[in-house]
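Have a look at it first.

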Amino acid sequence: MRNIQRFFVGFLAVLTVLWLLAELPAWTPPPHFFAWRTLLMQYSGVLAMGVMSVAMVLAVRPVVFEPYLGGLDKMYRLHKWLGITALVVSVAHWLLAVAPKWMVGWGWLQRPARGPRAVLLDAPVQQFFMGQRGLAEGIGEWAFYAAALLMVLALVKRFPYRHFFKTHHLLAVAYLALVWHSVVLLKFDYWSGLLGPVMALWMAAGTVSALMVLFRRVAVGRQVVGEVARIRHHAALDVVEVEIQCKGRWAGHDPGQFAFVTLHEDEGPHPYTISSAWTGDGHITFIIKALGDYTRTLSKRLRVGDVVKMEGPYGRFNFQGTAQRQIWVGAGIGITPFIARMKALAAAPDGRAIDLFHPTAVYDEHAISLVQRDADAAQVQLHVFWSQRDGLLTAERLTEQVSAWREADIWFCGPAPFGQSLRKDLVAMGLPPERFHQELFQMR
């Protein structure tokens, strides 16, 4: 989280500093409201297009950034922050554009007199941009309406995922229109300073990314077709275990990683944690909890032999670290990455002392026996907390079970509020914050 927070704040700060450097050399106090409006519109436009461009680049899932930003799950959280920032700043930019016009019409403001627009015969490029201003303003206004609507829909959890998956791609069209709007309306002097090249670089990267989205070229080198080889329905836990046989070349994966899986074309890809270790035989297993409208139908819709598509692997929930003791917390369906890791450790132990805590609201004896089998094979100490019998797992109860918890790395997968609460309490008790690892498994 710290890396994406630093990037987010740092990026906004860099854009602000570059904008100030572009404005300060010729700075004179704006003489009236409309001059201030022009200045603030330039600043808000720079911020909006900057964050929107980075968000568009992250939308194509560039794995090259995973080591620096903490994995694709963190990158998607950054993508969401950038999208919300773009929405807020764009609304402010739009209000700066239209509200003064309304106030002039209401008689609240008086627009200063304008002289004839200059003709720049010795600067044909600048003259061309000046001639396109009216068209760029119109395109930008309608693109803003479309982008704002799509961003709001993306934030509404009740908006079905299958529709979100399809409509969110349309943001690429709105973004391309806003790039043209920005190129034409950005203050021409900016292009000759530091700000212009930086904005040009990000908008070029965003344009390439938008075209990749529109032509469905996102992560094509990380996709493979497979076939459903086995399905097991654990009714008590309301989960479906799906084993897929790859029909193409899968690059392999590390325990704790996830993939985007398209089980039905009408629903699109969903992210699922891989629950099997990679052995090179092309078999990959996912354990899918019925948490939404679509996943609740899988036990009825999915059939052996169905053709599926996988994309990945992604994620940095990789159990790496210098500590020789680890504590794992797999709450509910969050047990899946630890199952994969235990299967890998059974084949290649790493010498660490490991305690696995599995808090669960539903106790299924058969499922627990399978987890216990994997724990025994990996020499992992399993602690099952069935809430009805054992109560809730807390930081105090965890530290009572593992006396050397201060020297351990803690890996958490489960409901985000539970992880945040557990982290807060453990840090308050003396755990270094960087030793608590939590996957942010929300891709929307």
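Which residue in β10 is the bridge partner of I327? It's I410.

## Before we start

This is a predicted model, where local features need pLDDT of at least 70, side-chain atom pairs count only at pLDDT 80 or more, and totals for chains, interfaces and linings use all residues. Residues are numbered from 1 along each chain as its sequence is written, and side-chain values use heavy atoms, with hydrogens and water left out.

## The five-strand sheet

Five strands form an open sheet in the order β9-β8-β7-β10-β11, with parallel pairing. Strands here are DSSP runs of E with at least two residues, helices are runs of H or I with at least four, and both are numbered from the N terminus. Two strands count as paired if DSSP finds at least two bridges between them. At the edges are β9 (381-386) and β11 (436-438), each with a single partner strand, so one side of each has no neighbour in the sheet. On average, neighbouring strands are turned by 15 degrees against each other, direction ignored; axes are lines fitted to C-alpha atoms, for helices over the stretch in contact, and angles run from 0 to 180 degrees between N-to-C directions.

Strand β7 (residues 325-330) is largely enclosed by the rest of the structure, because five of its six residues are buried. Buried means under 20% relative accessible area, with a 1.4 Å probe and protein chains only. W328 has L356 in β8 as its bridge partner. Six bridges also join β8 to β9, where F357 stands opposite H383.

## Helices beside the sheet

To get from β7 to β8, the chain passes through helix α11 (residues 336-347), and this β-α-β crossover is right-handed. That is, with the strands pointing away from the viewer, the path from the first strand over the helix to the second runs clockwise. Helix α12 (residues 365-378) lies across β8 and β9, at about 160 degrees to β9.

## Two nonpolar cores

A nonpolar core is a set of buried Ala, Val, Leu, Ile, Met, Phe, Trp, Tyr and Cys residues joined through side-chain atoms within 4.5 Å. The largest one has 51 residues, and V46, L82 and Y175 have the most contacts inside it. Its largest share, eleven residues, comes from α2. A second, separate core of 23 residues includes W328, V371, V380 and L382.

Conventions
Buried means under 20% relative accessible area, exposed over 50%, partly exposed in between (1.4 Å probe, protein chains only). Contact means heavy atoms within 4.5 Å.
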